[in-house]
Structure formats: C-alpha cells, structure tokens
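Okay, thanks for coming, everyone.

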Amino acid sequence: MSKNKSSESVKVVVRCRPLNRKEQSNGPSGGIVQMDLRLGQVILRNPRASHSEPQKTFTFDAVYDANSKQRDLYDESVRPLIDSVLAGFNGTIFAYGQTGTGKTYTMQGMWLDPEKRGVIPNAFDHIFTHISRSQSDKQYLVRASYLEIYREEVRDLLDPNHGNARGLELRESPETGVYVPDLTSCVCKSIKEIEEVMNVGNQARAVGATDMNEHSSRSHALFLITVECGQPGPDGRKHIRVGRLNLVDLAGSERQAKTGVQGERLKEAAKINLSLSALGNVISALADGRSGHVPYRDSKLTRLLQDSLGGNAKTVMVATLGPSPQHYDETLTTLRYANRAKNIQNQPRVNEDPKDALLREFQREIARLRAQLNHRKWRSQQKKEQVDDDGDEDLDCEEEEEEVEKEAEDYVKQEEQRLEREKEAIRGDRSLLAEEKQRLLGEKERMMGDLRKEQEATEQLTAKYKAMESKLLVGGKNIIDHTNEQQKMLEVKRHEIAEQTRREREIQQQMLVQDDETLELRETFTSLQQEVEAKTKKLKKLYAKLQCIKAEIQDVNDEHVRSRQELEQTQNELTRELKFKYLIIENFIPPEEKNKIMSRMTFDTEEDQWKFQPLVPTESKPLQMKKRPASAVGYKRPISQYARVAITMGAHTRFRAENIMFLELDMNPPNTNSLGRLKDTEQNQSSSADNSPTNDILGVHKSRSWCQSQKSITSSSSNVSLTSCTTALPAAAQ
Ligand code: ADP
Ligand code: MG
C-alpha cells in the first residue's frame, strides 16, 4: 500500500498484566515478559529454550507493564484518538489478546474505583467534559449503540428482546461504510445517561450467557459512540462534523480446542475462529501490502472494522499479554499479530457534512416545531390583541418566548372567564327561549372545548420542542459541575507530559535504528588490529541478528504448520458431518421431498449462506403455496347426509355442523363403591334366587358395564340413544 500524505499507521500498544495469585503459587520462575518502557520494547523469554538462545524483542508505539496505571494508558495512547473523534474523525480502539489477559480490564476496568476505570468510562468523561468546555456556538449530539457478534450473528444489546431476535444484517454505503441498519441508538445528554446505556447492554450480555467469562471469551463486543458537532463555518453556513468511535472488546484470541467437539460446539468453535482468523488474514493482507485483495467479507467482524483497518479511521490496537510461562505460545502469537498490525496504513479524514447527520435532522425538526409554536403563539396573540388593544415591544428571544408563553396562558384564562360570564348571562337572560338558550350555551361550550384543545396541542408541541432541544448539547454550558479552571490546567499539563513521553520514545527508537546504520561511517581505524576488532564485533552482532531471524523463520513455519493442521482437522470434521448428512438424505428422505427442498433453496450472497424461499405466498410469487382443497360439494368441511337434511328442515341449529350423533347424557352415572361392598353385592347377586336387583346393585352393574367390557358398552344407555336417534332419522326426514 502506498503511503500518501494523509495516511497514518495503526498505533499498536502492548500491555502486560501482573502475575495472578495462582500463577505466583505455581513456581518461582516469574514472568516471561520484560518491558523497556523508555524504548517501547517487549522482550519475551522462551521458558523451554536454553539460555544461549537469543530472546525475542518487539518494538511498539508504547508498552505498559504490570505496574502501569489505567490513566497513563488513556492519557498517552487513547486521549489523542478521542480528541480526533471530537474533531470529526472516525476512531477505533480494540483490545486483542488471550482470555484472562486484561482486555475487559483495559476497556472497562472497575467502574467504581476512579483509579481503575478503563478506556470506555474515561472516554465518556473526556467527551462530555470537552463538550461542556467548548465554545457556545457549537452544538453537539451524542449517540451510543452497543452490539455483540456471537457465532457470526450481530446482536443488538440495547434491544429488549435481543435474545429472541434474529441476527442483524450489515449494509454498506459509500458514505458511511459498513453499518447495521436496524441497530438501536440512544441519544445521550450526560455521562450518567451513556453509562446507563452501557449498563443495559452489559446486563443483556450477561443474561444471555450462562457463564459470563465463557461467553465474553467467545463473543466480540462493540460499543459505538457517534459525536456530531455543528458549528458555523467561515462561510456563515452551519457545518456538521461527525466522529464515530468504536470501542471493541474482542473474543479471546486463544485457539479454541476443537478436538472431540461436535455439533453446536463445533459450529461455535469454527465460527469464533472464523472471525478471528479472518481478522488475522485482513491484518496480514494489509500489512503485507502486496496482495490486492483484502478479505473483509470473510466475517462480520472484519466487515464492521473495515474502515478501522486500512480505511477512513484512526486506530489504536491494545494487545494484552499474560506473563505466565504456560502461555508462551499464545503470548508470542499475540505479539506477532500486534507487530504485523503496526504496518497497516489508514487514511483518516474529517467527516464533514455527511448526508446522514442526525444533527441536521434534529436542527430541522426543532426549527419546524419552533415555527409551528411561533405561529400558534402569534395567532393567540392576535386574538388577544383583538380583545385588549395593547401594543407590544420586541423582547429578547428567550425572554420573549417566556413572555409569549405567559401571555398565551393569560389569554386562555381570560377567554375562559369571558365565556363563563357569557354563559351566565345567557342563563340569566329571560327574554330567550329555552331552546335558543340551550343552543347558545352549547355553542359556548363548544368554543371552550376548542380553546382547551388548542391549549393542549400547544402544550404538547412545546413539550416536544423542549425535549428535542434538550438533546442537543451546547458548548459552554456547564454539564459537569466539577470542572474548574484548576482541573482544566491539570489535564492540559498531563496531556503535555504524555505527549512529551511519546515523542521521547519515538526519538529513542529512531536513534537506535540510526546508531546501527552510522556505526560504520563514524569509525576510522588507526590500525589493522583495531579494524579487525571492530569488524569482529560487528560480525558477532550481525550473527546474533541472523540467529534471531532464523529462529523467527522457524517459528513462523511452525505456526504455519500448526494452523494448517488445524484447518485440515476442521476440514475433516466438516467432511465427516457432511457425509453423515448425505447419508441421512439418501436413506431417509424421499427423492421427491428432496427435490422440493432443493427447488426452494437459494443462495444469499449478502449473508453468504443458503436460505429457504418462504412457503407463504409472497407478492412476487403468489402461486407458490398451494390452496387447501375445499369439500367436494362446496361446504367448508365434509358434512353428513343427516346433518344436511336437518339443515334443510331448519330443525336444530346444531345440525349446521356435521355432527350426526345425538348423545344423551347417561342419566345414571357410575357409582363408586368400596371394594368390600362390591364383593358383598357380587355374592348377593350370585346367591339371590329370584335375581331381582336392588337399587344399589343396579348402580354397581351400571358402573361396571360402563367402564369395562366392550360388550357391555354396546348395551349401555348411550347406545340406546344413538340407535333411537338413527331410527328417528327417517321420521325426521319425512
Ligand atoms: P479478558 O477480558 O482478557 O478475558 P479480564 O479483563 O477479565 O481478561 O482480566 C482477567 C483478570 O485479570 C481480572 O480479574 C482483572 O482484574 C485482572 N487484570 C487484568 N489486567 C490487569 C492489570 N493491568 N492490572 C491488574 N489486574 C488486571
Ligand atoms: Mg473479557
């Protein structure tokens, strides 16, 4: 990629967390990560290698060790980016690293402890403090959205039923790049409001997951803030600048163990790896600069970060490391990743007057509401002037507004009183007929109703106007109470120090590079012996470098082999799954069904997956769903001859339906007797000579015949009624 004047590289900073208690108790070996804060270098020791083997050194824009403070990282590496966003650039900060290395700690931190608040809460503070201190001719509109990508599905975390909703789609427009069309976006007026948005999203994330850490290590979370700023330009017209900030907490970068996992877990593992490996591929392709094709479309994450990687954005990558020797491989991979990302060139530019600026829409709507209100007030004022002929002088805009509002209220009150008086007069007037009185009273009543309605409408309009206007933040107004001059100065100084440290480090790094180059030029040799010595020294240095590079090549090869093996394994698993599915299709699904399914399948290139065409008739293809066949003779349902006859006779409404049976209730419901009594009665029955049953016995008989043998059912009373009913049919038909 060619470097042009406006291009700048992705800033990469590395942070290493302290050893945790468990790691400390594991052994005295200590950490494997050393950091040179002055030079911005990370030195990695291979715990498995011999001491003679050279250590690996990587250089970054800044490094933060275990003792680093959240505030330092923010001031040095994030603050300039947020300032750019406030000036109308796009900005992205993403945290990358293995699970448990401090991505969430860096991005969010501990909200309640001011010392440990992470990048996101500090950015909230920064944005709203900046707005409160800016000039009063600036108008701001701040919006926030929160989404996560889980199993390659984009979920809106601010949507109350995001758990049930399907994944959101992505769209692309030449103006804004890739965006999510249906994403909820909340206008925030203060730090408290935006924190609330963050909380709601975090809760939604936690609710969807059984184990928060497990879930967060498998999903990518993106918090998006849009800051629009309107300001009159030198040409006198209002110009709007839109800065978009993406705050990204990525899923854990460790390789998901795939051996032995099947079904859903396999799919999930494959999809998580897909997003992160796609990110890796995009970074490689961009860093390499030679390959023309950058595979942004391979995953949702890379599509959403398209602008941040090689596009119109300023980007900071925070790579997080753990110091434990067990995770040497992962740490090395993270460092390589980060090292590659340094080479990505972005072309950030200020987004001036984009078509989709919400601020402009707000301003237009506010102007429209204001015009409407003014019109209403003017009307009521006119009416008032008709009532009492007072002249009115011009007042200041806001005062005037309040004045007019008060006047309008007075006018309504006066009008009401006047109407009330007139009503009284009509009531008291004896010369009028009762009817006439009623009519006049009704008319006055109507007039009062109209007056009230109008007042309500004005009130509603005023409320809407005020609500809309309050969403726009105006510079110069003290949103935050604690901002005073001293604090302002302190922040400026802190900013300056951070800037100075950064510059110092840059110069140190440059000096180091130049040292190597100029060493040879500076040396003049007085004797052959001296020359030999100097050259030997240089040879040794170069040899060490060669060894380093050889080791590097070996490492890269190993990594390549490893990732290839993993891909092969995934391929084998997917092939096995495919074969299994084919087996099911071939043996269990009839060919005609298969063909039907096949004919309904279409490939959606936008979403990159196969989809079913809907069975429900759509407008474009109305004939797709077959109609349900109607009854042969035109009835809704099949209907019996008997019911049809009954309908024509107009006999009973129930025969409008098809029921042919007329089941009478069994008038002698089954009795329940205790077992002992049952036995008694049985004995009685067998011993009774004349076989004349008592009432009790009859009950028992009935109950038995009712519930036991098929034969006794046919002789039950219900059957009698059925036969009587069917025998009654000819009679009814006659
Ligand atoms: P990740 O999001 O990368 O999975 P976490 O941010 O959840 O990791 O961090 C794991 C643990 O390590 C947390 O308990 C966190 O408090 C701690 N931790 C991470 N980074 C630091 C740091 N720089 N200083 C102190 N504690 C840290
Ligand atoms: Mg996390």
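This is a predicted model: local features need pLDDT of at least 70, side-chain atom pairs count only at pLDDT 80 or more; totals for chains, interfaces and linings use all residues.

Let me start with a quick one: where does Ser299 lie? Ser299 is in the loop between α7 (263–288) and α8 (300–304). Helices here are DSSP runs of H or I with at least four residues, strands are runs of E with at least two, and the numbering goes from the N terminus.

Residues are numbered from 1 along each chain as its sequence is written, chains are lettered from A and ligands numbered from 1 in the order in which they are written, and side-chain values use heavy atoms, with hydrogens and water left out.

Back to Ser299. Is it buried or exposed? Ser299 is buried, at 4% relative accessible area; buried means under 20%, exposed over 50%, and partly exposed in between, with a 1.4 Å probe and protein chains only. Its side chain makes a polar contact of 2.8 Å with the side chain of Thr302. By polar contact I mean a pair of N or O atoms within 3.5 Å; within protein, one has to be able to donate a hydrogen and the other to accept it, and residues adjacent in sequence count only if both atoms are side-chain atoms.

Next, the ligand. Which residues are around ligand 1? Reading them off: Arg15, Arg17, Pro18, Gln98, Thr99, Gly100, Thr101, Gly102, Lys103, Thr104, Tyr105 and Met110, where near means that a heavy atom of the residue lies within 4 Å. Helix α3 gives the largest share of that shell, 3 residues. Split by class, the shell holds 3 nonpolar, 6 polar and 3 charged residues. For those classes, Ala, Val, Leu, Ile, Met, Phe, Trp, Tyr, Cys and Pro are nonpolar, Asp, Glu, Lys and Arg are charged, and the others, Gly among them, are polar.

Now the contacts to ligand oxygens. The side chain of Thr104 has an N or O atom 2.7 Å from an oxygen atom of ligand 1. For Lys103, a polar backbone atom is 2.9 Å from a ligand oxygen, and for Thr101 a backbone N or O atom lies 3.4 Å from one. As for cover, the protein takes 70% of the 560 Å² of accessible area that ligand 1 has on its own; areas are Shrake-Rupley with a 1.4 Å probe, and for residues only the protein chains shown count as cover.

On to the aromatics. How many aromatic pairs does a search of the whole structure find? The search finds 6. Take Phe58 and Phe60: their ring centres are 6.4 Å apart and their planes are at 20 degrees, so this pair is stacked. The cut-offs: rings of Phe, Tyr and Trp (its six-membered ring) pair if their centres lie within 6.5 Å, and planes under 30 degrees apart are stacked, over 60 edge-to-face, the rest tilted. Phe58 is buried at 4%, and Phe60 is buried at 2%.

Then there's Trp111 with Phe124, centres 6.2 Å apart and planes at 50 degrees, so that pair is tilted. This pair links distant parts of the chain, with Trp111 in the loop between α3 (103–107) and α4 (119–133) and Phe124 in helix α4, 13 residues apart. Phe124 is buried, at 0%. Ring pairs also link Trp111, Phe124, Tyr146 and Phe223 into a cluster.

Two lysines have their charged ends over rings: Lys342 over Phe60, 5.4 Å from the ring centre, and Lys314 over Phe89, 4.7 Å from the centre. That label needs NZ of Lys or CZ of Arg within 6 Å of the ring centre and within 35 degrees of the ring normal.

Last stop, the backbone. Most residues other than glycine have a negative phi. Arg151 has a positive phi, near 50 degrees, and sits in the loop between β8 (139–150) and β9 (153–156), partly exposed at 29%. Glu152 also lies in the loop between β8 and β9, with a positive phi of about 60 degrees, and Glu152 is buried at 13%.

That's my tour, thanks!
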